[in-house]
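Subject: Structure handover

Hello,

Here is the structure I promised you. Please open it alongside this email; my notes follow below it.

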Amino acid sequence: MAADENNETNESPFTRPGFIVSAVVVAVVLVLGVILGTVGIVNATREEPTAAPATTSSAQESEEPSEPTEEPAAGASICGLKGEVLEGTVDEAPAAEWEFQGTIGYPTSEEFGPGKTDENGVRSCFQHSPEGALFMAANAAAQGSDPETAESWIRYALADGPGRDALLSESGGVTATEGVRLQVAGFRVLNYDGDTATVDLVIEGSAEGQEVTMSAVYSLVWEGGDWKLAADDASAPVDFATITDTSGYVMWGPNGG
């Protein structure tokens with residue numbers, strides 16, 4: 001889709017004053033609330049980001065509960081995925097098998113994860129690497145969209161921290177998504193140090209015949225052998241903005257890259 005379509009004319013409802021922060025939030029980004037299983041952990045007020053750099057290093061078995069019975073050794077994967085990488089980035093599209101949860105595609109890989117699916121359908125266990133963080137973020141863009149898994153997923157995916165209880169208290173029920181389509185279309189890894197990761201996803205959305213391109217920046221931490229959404233405070237661990245230019249991103253998604 002044309003990256004600058006949502007800036008062309010006020011004929012598009014996505015360009016009317018206030019609509020970017022209202023209807024995109026309500027009709028498309030509220031679905032970003034759905035994408036996270038909670039409206040309260042999405043910050044939809046960020047201005048359009050400037051382009052930044054996007055090294056490479058690409059499981060799915062059904063198991064019982066998402067939480068481990070014992071805390072894994074520091075840095076170890078909750079399900080034993082090999083290939084720990086403590087620095088670097090991802091500058092080309094990793095190989096992935098794309099599956100769908102509802103209409104939203106999510107990537108899977110024997111190398112990068114998810115390595116577990118629990119009895120509630122929650123996918124977890126991503127490799128301790130830049131790619132693992134990327135796969136976690138891209139799965140997050142689908143996990144919360146399903147009313148069957150949203151609540152269980154956000155309770156697993158939200159890290160411990162002083163903001164966890166407040167963020168969970170702001171969780172909303174899954175909003176109906178009929179007529180709204182979202183799809184991961186690209187990424188850039190903004191930061192990675194082994195303990196934390198910041199992943200910026202391009203998400204293309206459409207509703208009522210209109211299209212919009214969005215940036216969703218996920219703040220992640222390595223905790224308990226898996227990547228989780230940061231909960232350092234009650235501010236949103238996912239920062240959202242509409243964008244008009246995808247240069248600087250690596251194109252990647254179920255529709256090709």
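The largest nonpolar core has 49 residues. Which residues have the most contacts inside it? They are Met136, Phe187, Leu201, Tyr218, Leu220, Trp227 and Leu229. Helix H2 gives the largest share of this core, with nine residues. Keep in mind that this is a predicted model.

H2 itself runs over residues 130-143. From first C-alpha to last, the helix reaches 20 Å, close to the 20 Å expected for its 14 residues at 1.5 Å a residue. Is H2 mostly covered or mostly open? Mostly covered: 14 of its 14 residues are buried.

Now the whole chain. Its secondary structure comes to four helices and twelve strands. There are 257 residues, and 52% of them count as buried. The accessible surface comes to about 11,000 Å². Carbon and sulfur atoms account for 46% of that surface.

Next, the aromatic rings. How many aromatic pairs does a search of the whole structure find? Six. One of them joins Trp98 and Trp252: the ring centres lie 4.9 Å apart and the planes meet at 65 degrees, over the 60-degree cut-off, so this pair is edge-to-face. The two residues come from distant parts of the chain, 154 residues apart. Trp98 is in strand S3 (residues 97-101), while Trp252 is in the segment after strand S12 (250-251). Trp252 has 4% relative accessibility, under the 20% limit, so the residue counts as buried.

Phe112 and Phe135 form another pair. Their centres are 5.3 Å apart and their planes are at 55 degrees, so the pair is tilted.

Which residues do the ring pairs link into a cluster? Trp98, Phe112, Phe135, Phe187 and Trp252.

Last, two charges over rings. Arg123 lies over the face of Tyr106, 3.5 Å from the ring centre. Lys228 has its charged end over the ring of Tyr156, at 4.5 Å from the centre.

Best wishes

Key:
Residues are numbered from 1 along each chain as its sequence is written. This is a predicted model: local features need pLDDT of at least 70, side-chain atom pairs count only at pLDDT 80 or more; totals for chains, interfaces and linings use all residues. Side-chain values use heavy atoms; hydrogens and water are left out. The expected span of a helix is 1.5 Å times one less than its number of residues. Buried means under 20% relative accessible area, exposed over 50%, partly exposed in between (1.4 Å probe, protein chains only). Accessible areas come from the Shrake-Rupley method with a 1.4 Å probe; for residues, only the protein chains shown count as cover. A nonpolar core is a set of buried Ala, Val, Leu, Ile, Met, Phe, Trp, Tyr and Cys residues joined through side-chain atoms within 4.5 Å. Rings of Phe, Tyr and Trp (its six-membered ring) pair if their centres lie within 6.5 Å; planes under 30 degrees apart count as stacked, over 60 as edge-to-face and the rest as tilted. A charge sits over a ring if NZ of Lys or CZ of Arg is within 6 Å of the ring centre and within 35 degrees of the ring normal.
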